[in-house]
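Let's take a friendly walk through this model, one feature at a time. Have the sequence and the 3D view open as you read.

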Amino acid sequence: MAGNGISNAGNLTCKLKVLKEKIENELDGVMKFWLENSHDASHGGFHNCLDKNGQVYDTTKYGWLQGRQVWMYCKLYNTTQKYHTEEILAAARKGGDFLQTYFKRPEDNKCYFATTCDGKPIKMQRTIFCECFYIMAMTGLYQATNESKYKDEAISVLSSVLHWIHVDDTSLGRPKLTGSPPVNKMSIPMMVICVLNEVCDDKEMASQYEGELQWAVNEILKHVQRNGTVILENVDVNGHEIPGCEGRLINPGHAIEAGWFLLNHARACGDDDLKRTAIEKFIELPFAIGWDFENSGLYYFLDADGFSPTQLEWNMKLWWPHCEALIAFLMAYKETKCLKHFESFCKVIQYTWTHFKDDESQEWFGYLNEKGEITHRFKGGPFKGCFHVPRALFMCSKMIDEIITLNCQV
């Protein structure tokens, strides 16, 4: 490694060890927050809407967040000695039971977006996302318990999701309107990669879904537009730009998350061209476009032609894009040993420590204004739960361990 300062292998290793300890302490605090405050002892599942200090302010339960929390518990249980406990596994099982009993509609495998505290349905989304997080939860439980009932659940719902994507989506309830042609939304193939990366951890399943993974990669790559100068959130089904503000929409955090999904996949299959594309187009480029150089932080939405985005929250700074950037840049550094990626990681983690982290209690705030001031004091809400923050902290800790080991071998 050339240069000096943190580019020196010894200095960098010391810095990484300090970072690892801080990240692991933060993960412990975040998990303590959810373990102590979110479990519903009366009805099962998890309370999702938690105020600054963990008080439940709304007992509505959300399918995305129930599935994500089960998955997170299972991931920690399956991979980390500290969290390989009966308490974690029992909580994951109870969450999975609540999902199966109340969130999944058995006649068609659709999952409710929201239920009452005791499981009465409130809302159904016309998307595949609740189902995808259900699949991840069941896959995690199968990996934790080796009980085939969870694998069967995951495969059953996955089959429905793939049918809705490729064959017939009428059961999702979206009407076909002549003024609204089909659109390739990047979120769909991203979710396919995310889910299949979990399902295909089972080597017996990997070959079965190889074609689906390649389809998802190809669909995501269609979002590289304007001669490689921008990642657009929505394109047409042939990979061409669509008119209007929907077609010009940039979501920097989403593109960066797609970047580390692609990089992780490229590493697994040894595709060097895809590695470069993932890093240069989906990680570096959206970060350069999306970073607020005046106030710091990543913008939520931008317009590719510089118009004001129509989303009222466009200039807010949200927790999850910064979590994705932490994972992406550390993964890019681990893969390339290019110092600029580690410097970008440090830039993002400094912003998260000083803006999202709550020094008075555990977990992170989720929503900031353009200047980085907290706008919502809750730690858990309809879209923020036990997922992005602990996933980022967990993955970064693991990658730092791997980087330190590699440095020691040099």
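Helix H10 itself covers residues 252–269, 18 residues in total, and spans 26 Å from its first C-alpha to its last, close to the 26 Å expected at 1.5 Å a residue. That expected span is 1.5 Å times one less than the number of residues in the helix. Helices here are DSSP runs of H or I with at least four residues, strands are runs of E with at least two, and both are numbered from the N terminus.

Is H10 enclosed or open to the outside? H10 is largely enclosed by the rest of the structure, because 14 of its 18 residues are buried. Buried means under 20% relative accessible area, exposed means over 50%, and partly exposed lies in between, with a 1.4 Å probe and protein chains only.

## How to read the numbers

This is a predicted model, in which local features need pLDDT of at least 70 and side-chain atom pairs count only at pLDDT 80 or more, while totals for chains, interfaces and linings use all residues. Residues are numbered from 1 along each chain as its sequence is written, and side-chain values use heavy atoms, with hydrogens and water left out.

## The second largest pocket

H10 turns up again in the second largest pocket, where it gives the most to the lining, with 7 residues. About 940 Å³ of space lies in this pocket. Of its 32 lining residues, Asn-197, Glu-198, Asn-264, His-265 and Ala-268 are the closest to the centre. Helices that each supply at least two lining residues include helix H2 (63–79), helix H8 (210–221), helix H12 (319–336) and helix H14 (388–409).

A pocket, on a 1 Å grid over the protein atoms alone, is an open set of points with protein on both sides within 12 Å along at least five of seven lines; a cavity is a set where a 1.4 Å probe fits but cannot get out, and lining residues have an atom within 4 Å of a point. Grid points are joined across faces, edges and corners, and a volume is the space filled by probe spheres set on the points. By class, the pocket lining has 16 nonpolar, 6 polar and 10 charged residues. Ala, Val, Leu, Ile, Met, Phe, Trp, Tyr, Cys and Pro count as nonpolar, Asp, Glu, Lys and Arg as charged, and the others, Gly among them, as polar.

Helix H4 (129–145), helix H5 (148–166) and helix H6 (187–199) each supply at least two of the lining residues.

## Cysteines

The structure holds 0 disulfides, a disulfide being a pair of cysteine sulfur atoms within 2.5 Å. Cys-130 is in none, and the nearest cysteine sulfur, that of Cys-111, is 6.7 Å away. Cys-130 counts as buried, at 3% relative accessibility.

## Aromatic residues

A search of the whole structure finds 27 aromatic pairs. Rings of Phe, Tyr and Trp (its six-membered ring) pair if their centres lie within 6.5 Å; planes under 30 degrees apart count as stacked, over 60 as edge-to-face and the rest as tilted. Trp-260 and Phe-261 make an edge-to-face pair, at 4.7 Å centre to centre with 80° between the planes. Trp-260 is buried at 6% relative accessible area, and Phe-261 is buried at 3%. Tyr-351 and Phe-356 also pair edge-to-face, at 6.0 Å and 70°, and both of these residues are buried.

One aromatic cluster is formed by Tyr-62, Trp-64, Trp-71, Phe-113, Phe-129, Phe-133, Phe-383 and Phe-387.

## Two loop residues with positive phi

Asn-227 has a phi near 55°, a positive value in a residue other than glycine. Asn-227 sits in the loop between strand E9 (224–225) and strand E10 (230–231), and is exposed, with a relative accessible area of 82%.

Glu-363 has a positive phi near 70° and lies in the loop between helix H13 (339–355) and strand E15 (367–368). Is Glu-363 buried or exposed? Glu-363 is buried, with a relative accessible area of 0%.
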